[in-house]
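This report describes one protein chain for a reader who has not seen it before. Please look over the sequence and the structure first.

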Amino acid sequence: MSTKIIKLNRGDSYEFIVTIPQKEDISKNYILTEKDVVYFVIMFPHQPFEKSCFVKGYTMEEQDQETGELTIKLVPNDTRLLQPGIYYYTIKLQRGGTLDVIDDFDEPDEVRTIVERTKFIINE
């Protein structure tokens, strides 16, 4: 996925597809395993990943296991409490982790940034 600024009105639904290239062969997509989690994180400018204001985790159940496509979905409740303004988002793959370790990666096998910190703009 190319990095893309996301702009949406507070409380709107939004979705986009992410693929994760394999490290060994970037022409092929990585297929998540049962211990992998992909995090979509929204944070304030200059805020570290670990202190994000919104985190959503995705597992292999949400990924198309044939194509490797993962649909990131935001529903109205995900953004309705965010104040209008500029935030940033990032997407990370945590291999060998679980959804409840966002504050402490608990020695995962690997953490890879899939999408670098990119603007996420909330309009009224």
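Phenylalanine 16 and phenylalanine 40 are both buried, where buried means under 20% relative accessible area, exposed over 50%, and partly exposed in between, with a 1.4 Å probe and protein chains only. The model is a predicted one, in which local features need pLDDT of at least 70 and side-chain atom pairs count only at pLDDT 80 or more, while totals for chains, interfaces and linings use all residues. Residues are numbered from 1 along each chain as its sequence is written, and side-chain values use heavy atoms, with hydrogens and water left out.

## Aromatic pairs

There are seven aromatic pairs in the structure. Rings of Phe, Tyr and Trp (its six-membered ring) pair if their centres lie within 6.5 Å; planes under 30 degrees apart count as stacked, over 60 as edge-to-face and the rest as tilted. Tyrosine 14 and phenylalanine 16 have ring centres 5.9 Å apart and planes at 55 degrees, so this pair is tilted. Both tyrosine 14 and phenylalanine 16 are buried.

Phenylalanine 16 also pairs with phenylalanine 40, edge-to-face, at 6.1 Å centre to centre and 65 degrees between the planes. This pair links distant parts of the chain, since phenylalanine 16 is in strand E2 and phenylalanine 40 in strand E3, 24 residues apart. Strands (E, at least two residues) and helices (H or I, at least four) are DSSP runs, numbered from the N terminus. Ring pairs join Tyr14, Phe16, Phe40, Tyr89 and Phe120 into a cluster.

## Nonpolar cores

The largest nonpolar core has 25 residues, and Phe40, Ile91 and Phe120 have the most contacts inside it. Such a core is a set of buried Ala, Val, Leu, Ile, Met, Phe, Trp, Tyr and Cys residues joined through side-chain atoms within 4.5 Å. Strands E1 (6-9), E2 (14-18), E3 (37-43), E4 (54-58), E5 (70-74), E6 (85-95) and E7 (110-123) each supply at least two residues of this core. A second, separate core of five residues includes Val37, Tyr39, Val41 and Met43.

Beyond its neighbours within four places in sequence, phenylalanine 40 is in contact (heavy atoms within 4.5 Å) with residues including Phe16, Phe54, Ile72, Tyr89, Ile91 and Phe120.

## The sheet

An open sheet of five strands runs in the order E1-E7-E6-E3-E4, with mixed pairing; two strands pair if DSSP finds at least two bridges between them. E1 and E4 are at the edges with a single partner strand each, so one side of each has no neighbour in the sheet. From one strand to the next the twist averages 25 degrees.

E3 and E4 pair in the antiparallel sense over five bridges. Opposite valine 41 stands valine 55 in E4.

## Salt bridges

Six salt bridges are present, each a side-chain nitrogen of Lys or Arg within 4 Å of a carboxyl oxygen of Asp or Glu. In one of them, glutamate 124 meets arginine 10, with the closest N and O atoms 2.4 Å apart. Glutamate 124 lies in the segment after E7 and arginine 10 in the loop between E1 and E2, so the pair ties together parts 114 residues apart in sequence. Glutamate 124 is exposed at 63% relative accessible area, whereas arginine 10 is partly exposed at 26%.

Lys23, Arg95, Glu110 and Arg112 are linked in a network of salt bridges. Lysine 23 and glutamate 110 form a salt bridge with the closest N and O atoms 3.2 Å apart. Glutamate 110 also bridges to arginine 95 (3.0 Å, N to O). Lysine 23 is exposed, at 53% relative accessibility, and glutamate 110 is buried, at 14%.

Note on methods:
Axes fitted to C-alpha atoms, helices over the stretch in contact; angles between N-to-C directions.
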